[in-house]
Amino acid sequence: MRLILSAAILLTVAPPASAHRLDEYLQATRVSLSPDRVVLEIDLTPGTAVAPQVLPMIDIDGNGQISDAEGQSYAERVMSDLRLEVDGQRRILTLVRVEVPSVRELTDGLGSVRLTVEAAGTAAAAGSRSLWFQNDHQPALSAYLVNALVPSSARIDITGQQRDVRQQGIRLDYDISSDRNEFASLWWLVAGIAFLGAVRHRYRRAQA
């Protein structure tokens, strides 16, 4: 069920590049919560009308090819415009991965720069938490989307989401339960399987 919900949110947040307006730089962010970290997945897709303004930021030397160094440099430029806070404390963002399409794909409005950014060391203790994320990269050119993925950990329960009008920012309220609850759920699952196995065994003996 979590995978199905995650896929549904992904389709909602990151529509195909051909579906967005040609005169906008579409920036779609997905926020993934774990007990000890926050992961941001960001797709940046320029429409054909704004690609000539976006491309020089990425292909710095203008040679028609985007090197790994240029991709890394642009990713860091984007990250400098991002802000993430957990419980009111700003978190340091680390670039995990950057994927950059070809110049041709960007020019045709078919390619997306994809960043995976991580903020580790977030509070793992049980209790209520609050997260705030803001994307201020190229607001004059851009349209934004932001949403939270269904947490992969059963310990996390998102209790509220608030976005601003442009979806540049989002506030998430969530609860983290203790490890004991997760272990208790696993114990009951194992106990249930064992019980069903015992019932099945007794049924087979009765039939013999």
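Predicted model: local features only at pLDDT ≥ 70, side-chain atom pairs only at ≥ 80, totals over all residues.
**Group meeting: the core and the open sheet**

I'll begin with the core. The largest nonpolar core has 38 residues, and within it Tyr 74, Leu 115 and Leu 131 touch the most other members.

Take Leu 131. What does Leu 131 touch, leaving out residues up to four places away in sequence? Its contacts are Val 31, Leu 33, Val 38, Leu 84, Glu 85, Val 86, Ile 170, Arg 171, Leu 172 and Tyr 174. As background, nonpolar side chains tend to be buried together in soluble globular proteins.

Now the overall numbers. The protein has 208 residues, and 40% of them are buried. There are 5 helices and 10 strands. Among contacts with a separation of 6 or more, 65% are between residues 24 or more positions apart.

Five strands form an open sheet in the order S5-S6-S2-S1-S8, and the pairing is mixed. S5, residues 94–99, and S8 are the edge strands, each pairing on one side only. On average, neighbouring strands here are turned by 15° against each other, direction ignored. Helix H3, residues 68–79, packs on this sheet and touches S1, S2, S5 and S6. The direction of H3 makes about 130° with that of S5.

Let me stay with S1, residues 25–34. Through 2 residues, a hairpin joins S1 to S2. These two strands pair in the antiparallel sense, over 10 bridges. S1 and S8, by contrast, run parallel and are joined by 7 bridges.

Thr 29 shows both pairings: its bridge partner in S2 is Ile 42, and in S8 it is Val 146. Also facing S8, Ala 28 stands opposite Leu 145, and Arg 30 stands opposite Asn 147.

Why is S1 described as largely enclosed by the rest of the structure? Because 10 of its 10 residues are buried. Both faces are covered.

Methods: Residues numbered from 1 in each chain as written. Heavy atoms only, no water. Core = buried A, V, L, I, M, F, W, Y, C linked by side-chain atoms within 4.5 Å. Buried < 20%, exposed > 50% of the residue type's maximum accessible area, 1.4 Å probe, protein only. Contact = heavy atoms within 4.5 Å. Pairing = 2+ DSSP bridges. Helix = DSSP H or I, 4+ residues; strand = E, 2+ residues; numbered from the N terminus. Axes fitted to C-alpha atoms, helices over the stretch in contact; angles between N-to-C directions.
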